[in-house]
Amino acid sequence: MAAEYDAQVLVIGAGPAGSSAAVHLARAGVDVLLLEKDAFPRDKVCGDGLTPRGVHQLLRMGIDTTTPGWRRSRGMRLYCDGRQMDVEWPTIGRYPDFGLTRSRHDFDELLANHAQASGARLLTETKVTGPVTDTTGRVVGVTATSRGSDEPVTYRAPIVIAADGASARTALATGWQRDPRTPLATAARRYYRTDAFAKDELLHLWADLSCAGTGGTLPGYGWLFPLADGRVNLGLGGVPHHQHGNTDLRATFRQWISRLPAHWNLDETTEDSPLRSAALPMGLNRRPQYRRGLLLIGDSAGMVSPWTGEGIGQAMEAAAIAADTVTLALTRTPGPGREQVLRNYPNEVDRRWNRYYKLGNTVAEQVFSRFGYRPLLNRHLMNSPAAVGVLTRLFAHLSS
Ligand SMILES: Cc1cc2nc3c(=O)[nH]c(=O)nc-3n(C[C@H](O)[C@H](O)[C@H](O)COP(=O)(O)OP(=O)(O)OC[C@H]3O[C@@H](n4cnc5c(N)ncnc54)[C@H](O)[C@@H]3O)c2cc1C
């Protein structure tokens with residue numbers, strides 16, 4: 001490594017995207033410095049659910065999901081207009097046949113620790129304040145401040161990966177705007193402590209929630225995901241329609257919860273957190289995901305699935321692709337040869353995901369934002385396990 005660099009690769013943000021990138025890079029022998037603004041453990045607004053494709057990413061990083069704290073799901077229970085159906089995760093050989101839940105409070109810390117154990121250097125309470133560029137506009141580092149000091153410090157590396165989440169501050173600071181045609185959902189969740197789901201092996205999803213105030217169908221869905229720690233994660237979210245406007249998620253949440261079965265014990269006495277909401281940037285909203293020394297992974301590149309609102313698995317998968325690309329790029333001398341390799345990262349993302357996201361963006365715009373998931377879970381479909389199985393594979397991206 002040239003003396004002026006602090007690392008071969010800088011990764012900004014130690015969420016699932018950044019920590020996974022650091023794991024893969026460190027395992028490949030790359031000197032990687034991971035910068036995180038918060039201290040662990042910390043909360044992150046999320047549903048905490050992983051479908052089998054996301055679980056696969058954990059397994060390939062060597063995370064032991066049989067240890068306490070993880071909770072397996074064998075499928076989903078779908079609710080719509082008085083009907084319900086259980087659907088198992090498919091057994092297709094390519095992915096695990098189970099999903100997982102774990103609160104992000106634990107999950108993110110575990111993954112960041114795993115990155116360190118793999119050889120990455122982690123600096124927490126280090127907030128990146130902006131990119132550092134050379135005279136050609138190429139990103140060659142970042143400035144950051146540490147807790148207790150306003151004095152900015154510069155960290156330099158020939159390649160920088162932004163994994164700073166939905167705020168996408170690093171991308172924005174380089175003038176990299178989100179594609180406004182892609183969907184942007186919002187969702188809210190709260191934890192409850194209840195033993196009503198102690199033996200439950202399913203993720204619960206509702207397609208028939210009504211928006212408070214308007215009475216229209218929520219342009220999304222509600223979820224209840226049981227966790228291993230005796231709590232459940234209850235939440236709802238949707239893609240606002242540009243004409244119908246935003247849904248009042250808090251009021252809709254209150255209305256929904258008052259209608260859930262009383263024996264589930266989901267009320268003020270069992271609340272275990274405030275109701276918190278956040279944005280879900282979807283549909284590959286910044287492309288191509290590489291520009292002038294900077295790669296984007298996870299929410300910073302809008303990688304949340306427009307089909308399901310999942311983004312953890314996508315963040316980890318993109319991190320693996322980015323790490324592979326960067327490891328190869330570092331074998332080339334800086335210049336056109338290295339650039340050629342780095343430009344392969346968005347190509348590989350497109351090869352795996354473009355069709356899935358493109359179709360998903362259209363469905364989110366034309367169907368989910370207007371009618372929610374209700375039309376899909378209609379009476380005919382809810383009577384056909386085979387059709388629901390096909391939909392599950394499509395939604396959770398389990399066929400390719
Ligand atoms: C309500 C809700 C429910 C959801 N439910 C699910 C679900 O059940 N399953 C699922 O798969 N996905 C879910 N998602 C989406 C999922 O949370 C995200 O897609 C996922 O967290 C993306 O990971 P990431 O690493 O890209 O970003 P993040 O998890 O946001 O991590 C970004 C990291 O960067 C750090 N950071 C930010 N700025 C800086 C800076 N300037 N300097 C240093 N560090 C910085 C942050 O502190 C953070 O640690 C949900 C989202 C919401 C809002």
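First, the ground rules. This is a predicted model, in which local features need pLDDT of at least 70 and side-chain atom pairs count only at pLDDT 80 or more, while totals for chains, interfaces and linings use all residues. Residues are numbered from 1 along each chain as its sequence is written, and side-chain values use heavy atoms, with hydrogens and water left out.

Colour by pLDDT (the predictor's confidence in each residue, from 0 to 100). The protein averages 95, and 98% of the residues score at least 70. Confidence is highest in H1, at 99, and lowest in helix H9 (residues 379–382), at a mean of 87. Helices (H or I, at least four residues) and strands (E, at least two) are DSSP runs, numbered from the N terminus.

**Helix pair.** Select 16–27 for H1 and 104–117 for H3: their axes come within 8 Å and cross at roughly 20 degrees. (Axes are lines fitted to C-alpha atoms, for helices over the stretch in contact, and angles run from 0 to 180 degrees between N-to-C directions.) That makes H1 roughly parallel to H3, a label for angles under 35 degrees. Now show side chains: Pro16, Ser19 and Val23 are among the H1 residues that meet H3, whose side of the contact includes Phe107, Leu111 and Ala115. Contact here means heavy atoms within 4.5 Å.

**Three-strand sheet.** Which order do the strands take in the open sheet? It is S3-S7-S4, with antiparallel pairing. S3 (49–50) and S4 (71–73) are at the edges with a single partner strand each, so one side of each has no neighbour in the sheet. Strands pair if DSSP finds at least two bridges between them; S4 and S7 (residues 99–101) have 3. Pick Ser73 and you'll find Gly99 as its bridge partner in S7.

**Hairpin.** Move to S10 (139–146) and S11 (153–156), antiparallel over 4 bridges. Gly141 stands opposite Arg156. Of the 6 residues between the strands, zoom in on Gly148, with a positive phi near 85 degrees.

Another cis bond joins Arg287 and Pro288, omega about -15 degrees, with Pro288 in the loop between S17 (276–281) and S18 (290–291). Last stop: Asp81, a residue other than glycine with a positive phi, near 50 degrees, in the loop between S5 (75–80) and S6 (83–88).

Technical notes
Parallel < 35°, antiparallel > 145°, perpendicular 65-115°, else oblique.
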